[in-house]
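Welcome! Let us take a walk through a protein together, with the structure beside us as we read.

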Amino acid sequence: MNAVLNGLLSVERQHQLPISYIPLDLHTNFTPALHLKDKTNVLPQLQQIHHPKFLNIGKICGDIPKQQTKYFISSVGIGFDTALTEYKKNSIKNTSPFKLNVLKNHFLTTKAFFNQKSFPVTINACSEYLQLPNSFLLTLKNKATATSTTGNLPETSIEIIVLRKMKMMQFVTGIIFNHKYLKSNIIHHVNLSPGDAIHVHDIQPGHIDGGLLGNGSFSFNVDQQSYPFWI
């Protein structure tokens, strides 16, 4: 779906072509952003739609890792976040018995955790300037979606989450409790505004909406715009 979105936006058109999404599996990067809770109701829901809804999509422009512009619906991840995304995708496709699959994913996640080296991140936001030298996970999240048919963006932002390299037990506890008990010097949340800049100074893997971006250093600006969807 991300490839379709970026392909359509790579060509200038007088009228944007709406995108419709029919999930074959609800365990995807797009279902939360598109408010899809039950795939069995998607087709009847599509039959009742007469006007597309404009959703907020994220836009990053710069070295990603080469000079380009990319759009995303759900999230962008750099560093360990990419490994987590890949393991999640593999666990969905895996047909092994459930317990064996869980153990395998725990093993792969633990292995990736210890292999992931820390890297420096600079965030140049309008409200603050942060230098985070020991990061190991960076996530950009598209926080909100519009539901109007006008295409006007509501007042919202993209959130960046950066985790500092920590002990394994702290990381596991943070995942179990959704980061609620991580100290402020370990996890950083910043609401980004259009034009804010992110710089990852080291070679790291990246993903966008679950698809790989490749390895490289990242230096880009963040923005938002609306796009029509049949949902």
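How many aromatic pairs does a search of the whole structure find? The search finds five. Before we visit some of them, please keep in mind that this is a predicted model.

**Rings that meet**

A pair of aromatic rings is described by the distance of the centres and the angle of the planes. Here are two of the pairs, side by side.

| Ring pair | Distance of centres | Angle of planes | Arrangement |
|---|---|---|---|
| Phe-80 and Phe-113 | 6.1 Å | 90° | edge-to-face |
| Tyr-227 and Phe-229 | 5.8 Å | 70° | edge-to-face |

Planes over 60 degrees apart count as edge-to-face, so the pair of Phe-80 and Phe-113, with planes at 90°, gets that label. Phe-80 belongs to helix H3 (residues 80-93) and Phe-113 to helix H4 (residues 98-115), so this pair ties together parts that are 33 residues apart in sequence. Both Phe-80 and Phe-113 are buried. Tyr-227 and Phe-229 are buried too. Ring pairs also build a cluster, which links Phe-80, Phe-113, Phe-114 and Phe-136.

**The overall picture**

Now let us step back. The protein has five helices and 10 strands. Of its 231 residues, 42% count as buried. The accessible surface comes to about 12,900 Å², and carbon and sulfur atoms hold 55% of that area. If we take the contacts with a separation of 6 or more, 70% of them join residues 24 or more positions apart.

**One face of a helix**

Helix H1 covers residues 2-9, and its buried residues are Asn-2, Leu-5, Asn-6, Leu-8 and Leu-9. Where do they sit around the axis of H1? Seen down that axis, they fall within an arc of 160°, so they line one face of the helix. The buried residues of H1 pack against several strands, among them E1 (19-20), E2 (53-63) and E10 (211-230).

**The nonpolar cores**

In soluble globular proteins, nonpolar side chains tend to be buried together. In this model, the largest nonpolar core has 25 residues. Those with the most contacts inside this core are Ile-60, Ile-123, Leu-140, Ile-160, Leu-192 and Phe-220. Strands E4 (75-79), E5, E6 (129-142), E7 (158-164), E8 (187-192), E9 and E10 each supply at least two residues of this core. There is also a second, separate core of 12 residues, which includes Phe-80, Leu-137, Ile-161 and Met-166.

Leu-140 is part of strand E6. Is Leu-140 buried or exposed? With a relative accessible area of 0%, Leu-140 is buried. Leaving out residues up to four places away in sequence, the residues Leu-140 touches include Ile-60, Phe-72, Val-76, Ile-160, Leu-192 and Phe-220. Phe-220, counted in the same way, touches residues including Ile-60, Ile-78, Leu-140 and Ile-198.

Thr-122 is found in strand E5 (residues 119-124). The cut-off for buried is under 20% relative accessible area, so Thr-122, at 11%, counts as buried. Which side chain does the side chain of Thr-122 make a polar contact with? The partner is the side chain of His-201, at 2.7 Å. Leaving aside neighbours within four places in sequence, Thr-122 is also in contact with residues including Tyr-129, Leu-130, Gln-131 and Ala-197.

Gly-206 lies in strand E9 and is buried, with a relative accessible area of 1%. The C-alpha atoms of Gly-206 and Gly-77 are separated by 5.6 Å, although these residues are 129 residues apart along the chain. Among the contacts of Gly-206, beyond neighbours within four places in sequence, are Gly-77, Ile-78, Thr-82 and Phe-218.

**Two backbone details**

Most residues other than glycine have a negative phi, and most peptide bonds are trans. Two places in this backbone are worth a look with that in mind. The peptide bond from Ile-64 to Pro-65 is cis, with omega near -10°, and Pro-65 sits in the loop between E2 and E3. Asp-209 is not a glycine, yet has a positive phi of about 50°. You can find Asp-209 in the loop between E9 and E10, where it is buried, with a relative accessible area of 6%.

Notes:
Residues numbered from 1 in each chain as written. Predicted model: local features only at pLDDT ≥ 70, side-chain atom pairs only at ≥ 80, totals over all residues. Heavy atoms only, no water. Buried < 20%, exposed > 50% of the residue type's maximum accessible area, 1.4 Å probe, protein only. Helix = DSSP H or I, 4+ residues; strand = E, 2+ residues; numbered from the N terminus. Arc of directions from axis to C-beta. Contact = heavy atoms within 4.5 Å. Polar contact = N/O pair within 3.5 Å; in protein donor to acceptor, adjacent residues only side chain to side chain. Areas by Shrake-Rupley, 256 points an atom, 1.4 Å probe, with all protein chains shown as cover. Core = buried A, V, L, I, M, F, W, Y, C linked by side-chain atoms within 4.5 Å. Phe/Tyr/Trp six-rings, centres within 6.5 Å; stacked < 30°, edge-to-face > 60°.
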